[in-house]
There are 2 protein chains.
Amino acid sequence: MHEGKDQLIVHQHDPRYSLLRSLQSASGRLRSGKYIIEGIRHVARAIEQRAPIELLFVAPSVLSNPFGKKLARRIRQSQVPSIRLSPQLYRQLSLAAEPQGIGAVLRQQWFALSELKVARNSLWLAIESVDQPGNLGTILRTAEAAGVSGVLLLDAISDPWEPACVRASMGSLFSQKLTRCEIMEFTSWARRSGSTLVASSPRGLVDYSSFRSRWPAALLIGGERYGLSDQLLDAADFNLRIPMRGGCDSINAAVASGVLLFSLSSQRS
Amino acid sequence: MHEGKDQLIVHQHDPRYSLLRSLQSASGRLRSGKYIIEGIRHVARAIEQRAPIELLFVAPSVLSNPFGKKLARRIRQSQVPSIRLSPQLYRQLSLAAEPQGIGAVLRQQWFALSELKVARNSLWLAIESVDQPGNLGTILRTAEAAGVSGVLLLDAISDPWEPACVRASMGSLFSQKLTRCEIMEFTSWARRSGSTLVASSPRGLVDYSSFRSRWPAALLIGGERYGLSDQLLDAADFNLRIPMRGGCDSINAAVASGVLLFSLSSQRS
């Protein structure tokens, strides 16, 4: 393993590099159960949150930041395997405008519904579908900041480990409890745990700013294009509306999540 | 003008196409005072809001949607010049994953500070700087939905007519009063109009959820990286904080704008 650290990978057909590239596709991530993070800030937060780092990759000629170099040393010292990439290969992996030359492969962490402990005043977020990965990442970041206990994904396809989502989540993936389940499983979990289901919809009956929730509660967010399905709207105990002015009929799904999550969250203190 | 409508532009060095391409750069937009919108939804809203359309461009072989075709006919009937582009040239102009084949050139609309009428309970948004054009566009969309009377840009560089900003604003640019001014001009405008200046900062003293504003009011938003300048923080009457939980020390600037604007807006009704 320590020899591997010193080998510089320069060919894109090198199997270790192919493994990294495979994690840029949904099928590669699904097959391996892993994902990529990239940049100093993300790697630092992964260490801080004790996220399961499986491989470190650096581009030595790109990584000039002293703090970044320190992070790389620290990860290597904890016996995590590491590889070194040529700047060209590194840039092909990076979404950053100015790549920092450090990244890592992490193990995806999923929780089963049965593992979620629903405390008396806890707030949860259930997402039916979100169109853009960047938006999903911003929602995950917002959810952490609002003190959400866990995020439940109610569709089969949204992929929190997609690079643009990981990037926008700003490290919130490392600490967030993520669960994927069917709508039916979710609603029966909510019933069993005594959670109030709070939906959000342009046709909601209650102005969110006058709403006071019962606890525990779960906020339901739908995709920007079609909103929540009838199945979830019917299952909800309350259906909130963010009143719109001007010619607007909708706001960005991440902004709507923020408005509602912080409003709910502020009622708990 | 009517002959022009039927000419299909296929060469990228055609001067009419070069004019369109020039509007993709900041310098080209600054020089001409124009900008580009693209896609059926944006064109429809521009017509609805009577935005100053100066040129229609379509790619006839891409524009298959009947509503889109109807919009194109309607614009031509109002004597607006139009050009037709080959699909290849059209795609070079479009940010859309699935281009719809219709777009327009509009005249930028800026308002002078002296033109802004400050009604007794009006809410304004002042933006010091926002790093990403997509984020700025989402903020403009959010501001319209929250019933903001106008947006003041306090830096010299942020460009609301940048294509990614225009796209994310979802047509809010057409109805929004946009002003660019210096910080000093802004603060004396606020003083003259009796507006309360409400700043937002991670080190703010007041939890936003317990804050009740005096009116009229202007919310101040800084860039995600460095926040508001000391000059604006000092000028503010109140300095609000959105309480963060988890390991988060910040949220996305557009999400923060949404949380604060809707909270302020809901106090006015």
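**Close-up views of a predicted two-chain model**

**View 1. A β-α-β unit in chain B.** Strand β3(B), helix α5 (residues 66-77) of chain B and strand β4(B) build a right-handed β-α-β unit. A crossover is right-handed if, with the strands pointing away from the viewer, the path from the first strand over the helix to the second runs clockwise. Helices (H or I, at least four residues) and strands (E, at least two) are DSSP runs, numbered from the N terminus. The model is predicted: local features need pLDDT of at least 70, side-chain atom pairs count only at pLDDT 80 or more, and totals for chains, interfaces and linings use all residues. Residues are numbered from 1 along each chain as its sequence is written, and chains are lettered from A and ligands numbered from 1 in the order in which they are written.

**View 2. The two neighbours of β3(B).** β3(B) and strand β4 (residues 82-85) of chain B pair in the parallel sense, over three bridges. Two strands pair if DSSP finds at least two bridges between them. V58(B) stands opposite R84(B) of β4(B). β3 (residues 53-58) of chain B is also joined by five bridges to strand β5 (residues 102-107) of chain B, and these two run antiparallel. Here L55(B) has V105(B) in β5(B) as its bridge partner.

**View 3. The seven-stranded sheet of chain B.** The sheet is open and parallel, with strand order β8-β7-β6-β11-β9-β12-β10. β8 (178-180) and β10 (206-207) of chain B stand at the edges with a single partner strand each, so one side of each has no neighbour in the sheet. Within the sheet, strand β9 (residues 196-200) of chain B runs parallel to strand β12 (residues 238-241) of chain B, joined by three bridges. V198(B) has F238(B) in β12(B) as its bridge partner.

View 4. Strand β6 (residues 123-127) of chain A is mostly covered, with five of its five residues buried. A residue is buried if 20 or more other C-beta atoms lie within 10 Å of its own, exposed if 12 or fewer, and partly exposed in between, with C-beta atoms placed from the backbone. L123(A), L125(A) and I127(A) point one way; W124(A) and A126(A) point the other way. Five bridges pair β6(A) in the parallel sense with strand β11 (residues 217-221) of chain A. I127(A) stands opposite I221(A) in β11(A) and opposite L153(A) in β7(A). With helix α6 (residues 133-145) of chain A, β6(A) and β7(A) make a right-handed β-α-β unit.

**View 5. The side of chain B that touches chain A.** Here 26 residues of chain B are in contact with 26 residues of chain A. Two residues are in contact if their C-beta atoms, placed from the backbone, lie within 7 Å. α7 (133-145), α9 (172-175) and α12 (253-266) of chain B each give two or more residues to this side. α12(B) gives the most, with six residues.

**View 6. The relation between the copies.** A rotation of 180° with 0.0 Å of shift along its axis superposes chain B on chain A (RMSD 0.0 Å). That is the relation of a two-fold axis. The same surface serves both copies, as 100% of the contact residues of chain B recur in chain A. Copies are superposed by least squares on the C-alpha atoms of residues with pLDDT of at least 70 in both.
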